[in-house]
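Subject: Structure handover

Hi,

Here is the structure we spoke about. Please open it alongside this email.

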Amino acid sequence: MKLVTYRLGVEAGARLGVIVDDLCVDVADLGLACGEDLPDTMLGLIDAGRPGLSALRACLDEVGADIPVGCATALSNVTLLAPIPRPRKNIFGIGLNYLDHVAESAQALDTAADLPKQPVIFSKPPTAVIGPGQPIPHDAEITQQLDWEVELAAIIGTTARRVSRTEALGYVFGYSVMIDVSARDNRRAGQWIVSKGMDGFAPFGPCIVTADDIPNPQDLDLWLTVNGVEKQRSNTAKMLFKVDELIADISRVITLEPGDIIATGTPEGVGAGRKPQEWLWPGDVVVATVEGIGSIRHPVVNVTPA
Ligand code: MG
């Protein structure tokens, strides 16, 4: 299933939807029509666990192609928000998780050329999240080196504490797309929370594809364009630490909880690693895509104080 958080108008509240063909079907309204109590938020559905997903699936099976009147809106008529507009905790970011990105970073940034022996983990605050189409802010007083990073995001479904690699993927609710926007000139003593954690630095969406529809998260093409020009293209097969390893590693020391997000790292082709280096500027448009999930498109907008 492709799940979205959406609203109908600027004044309307955020709702949980499921995509059926070119329709956005409201999950709670579908539940009402089917006599089921279904959640109206993404976190509500994640918290409802497997029974919640099963109930939603049963309702979709029950109605089939006959979506009840009033439950569905053309996808083109809704505004998509970030699938989880306000994560409960910081997003877990994984640095240096693709071979060629380790190499380009070692040349251009202050990171080591040796492959990391353990996942390199940082975090991005919930306030960094923006939804599809929302502007990536560019403050010229803060950065002259704004950079892009397309990433597969894994969303945790079940509390994970010290889980093994073999069972780890069973704790995943689904997958999405995230851009790990990075102001390269704001790294502080090797710490990345400022350079990657600023407001608007976590474009996220357009949907969460449930894990049952992505049985192998390590075989997905992912790519990113700036102004229509391809800058990154790779496949999640090239991750150094796979999604199951990341979950096993993090959960050994930090409990992963429903709704937690892991941005699994970016492949080569970031602006810092290009010759000459390239950066994002106001007026640019960034589009990030992961195969089987979708694309998010974001304009870069000047927010420098007057
Ligand atoms: Mg990254």
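First, the ground rules. This is a predicted model, with local features needing pLDDT of at least 70, side-chain atom pairs counting only at pLDDT 80 or more, and totals for chains, interfaces and linings using all residues. Residues are numbered from 1 along each chain as its sequence is written, and side-chain values use heavy atoms, leaving out hydrogens and water.

Metal site

The magnesium ion has Glu149 (OE), Glu151 (OE) and Asp180 (OD) as its protein donors, at 2.0 to 2.1 Å. Donors here are N, O and S atoms within 2.8 Å of the metal (3.2 Å for Na, K and Ca); water is not among the atoms, so sites may look incomplete. Along the chain the donors follow the spacing E-x1-E-x28-D. Glu151 sits in strand S11 (residues 150-156), while Asp180 is in the loop between S12 and S13, 29 residues apart. Helices (H or I, at least four residues) and strands (E, at least two) are DSSP runs, numbered from the N terminus. Glu151 and Asp180 are both buried. Buried means under 20% relative accessible area, exposed over 50%, and partly exposed in between (1.4 Å probe, protein chains only).

Salt bridges

The structure has 17 salt bridges. Each is a side-chain nitrogen of Lys or Arg within 4 Å of a carboxyl oxygen of Asp or Glu.

- Lys124 pairs with Asp180, with the closest N and O atoms 2.5 Å apart. Lys124 lies in strand S7 and Asp180 in the loop between S12 (172-179) and S13 (182-183), 56 residues apart. Lys124 is buried at 0% relative accessible area, and Asp180 is buried at 1%.
- Lys89 meets Asp260 at 2.8 Å, N to O. Lys89 is in the loop between S5 (79-81) and S6, and Asp260 is in the loop between helix H7 (243-253) and S17, 171 residues apart. Lys89 is partly exposed at 25%, whereas Asp260 is buried at 4%.
- Glu278 pairs with Arg274, with the closest N and O atoms 3.3 Å apart. Glu278 is partly exposed at 27%, and Arg274 is partly exposed at 25%.

One network of salt bridges links Lys124, Asp147, Glu149, Asp180, Arg184 and Lys196. Two of the magnesium donors, Glu149 and Asp180, belong to that network.

Strand S6

S6 covers residues 91-95, and five of its five residues are buried. Ile91, Gly93 and Gly95 are buried on one side, and Phe92 and Ile94 on the other. S6 runs antiparallel to S7 (residues 120-124), with five bridges. Strands count as paired if DSSP finds at least two bridges between them. Ile94 stands opposite Ile121 in S7. S6 also pairs with S17 (residues 261-263), parallel, over two bridges. There, Gly93 has Ala263 as its bridge partner.

Cores

A nonpolar core is a set of buried Ala, Val, Leu, Ile, Met, Phe, Trp, Tyr and Cys residues joined through side-chain atoms within 4.5 Å. The largest has 50 residues; Leu152, Tyr175, Leu224, Ile247, Leu256, Ile262 and Ile293 touch the most other members. This core lies between domain 1 (2-81) and domain 2 (91-302), because both give residues to it. Those bounds come from an automatic or database domain assignment. A separate core has 35 residues, including Val27, Leu30, Leu45 and Ile208.

Best wishes
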